[in-house]
Amino acid sequence: MSADIRIRATDPLLDQDGQTLGLPWSIGGTFDLASPVVLDVPGKPRLFTHADVGWTYDQEDPVVTRGDPGEQPTLPPNQTVAVAITGVGGSVRAEAKPLVLSGGLGTVFSFQAFDRGFRVRPTLEWMYRRDTIKNTLGAGEVEGTGTRCTPTCRVTYIKNETEKGFHSLGPGVELEADVGRMGDFVVGAYGAFRAFYVVSDRKANIESRGEWTRLDNGQPSTRQDTIFRTRYEREPWHYRFGVGLRILWSPEE
């Protein structure tokens, strides 16, 4: 998954932009249904459709990170300087939901070479997947003037997330070769390439408000609340490469 990220806050020091390129892995299964030969021409074309279910691994994709916005910012014991506040920074992470649905329509062209059966399958493909976009922002500064936490320092911590679904369409092609037969079934190995264009809204926006509190007693600060805005935008094109085995019901004549 590839996306552009923009973080904006009421404090301009927290603004940042970034881009991500994710390469998640997945495993799944497909069900194909093909028609008889529709034209008696070379290649003996047949129409077919397929439906796929995939399960994605390595789903999280770090997008933008500045600092270490882990947990609520804190000041280590015996420290009085504001720069010692830990857990300060901002990040966005995109996480692909594991379940991916896809399918397609196309034509199968069959031919013989090297004593094996080969099939080429050009297709029109559809895919639906969902992403979770996670925001985290931790910030700390002096309550008053100077660089020391006198009388105290203040911190804010904002964490939020949203989900977004994406529909995509695009072309695909498969090349398949027979590798063996088991009774009425033929086993084929194939490689596939598919390109998808996101046809649904590619943007997801999150806005959160964080209250500043004082580190000494947790009371509200005199500072105005910070509004944390994130814009996540998927790139229009994404791609899928795959290999697999296909078992075809094909009784010998």
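Which residue forms a salt bridge with E95, and how far apart are the closest N and O atoms? The partner is K134, and the distance is 3.2 Å. K134 is partly exposed at 27% relative accessible area, and E95 is partly exposed at 23%. Keep in mind that this is a predicted model.

By the rule used here, there are 24 salt bridges. Next, R194. Its side chain meets that of D52 in a salt bridge, 3.6 Å from N to O. R194 sits in strand 10, residues 185–198, and D52 in strand 4, residues 46–57, 142 residues apart. R194 counts as buried because its relative accessible area, 8%, is under the 20% cut-off. D52, at 9%, is buried too.

R194 also forms a salt bridge with E125, with the closest N and O atoms 3.4 Å apart. E125 lies in strand 8 and R194 in strand 10, so this pair ties together parts 69 residues apart in sequence. Both of these residues are buried.

R194, D52 and E125 belong to a network of salt bridges, which also includes R246 and E176. R246 is found in strand 14, residues 237–249, and is buried at 6% relative accessibility. The side chains of R246 and E176 are joined by a polar contact of 2.6 Å. Beyond its neighbours within four places in sequence, R246 is in contact with several residues, among them D32, R121, E174 and Y190.

Conventions: Residues numbered from 1 in each chain as written. Predicted model: local features only at pLDDT ≥ 70, side-chain atom pairs only at ≥ 80, totals over all residues. Heavy atoms only, no water. Helix = DSSP H or I, 4+ residues; strand = E, 2+ residues; numbered from the N terminus. Buried < 20%, exposed > 50% of the residue type's maximum accessible area, 1.4 Å probe, protein only. Polar contact = N/O pair within 3.5 Å; in protein donor to acceptor, adjacent residues only side chain to side chain. Contact = heavy atoms within 4.5 Å. Salt bridge = Lys/Arg side-chain N within 4 Å of Asp/Glu carboxyl O.
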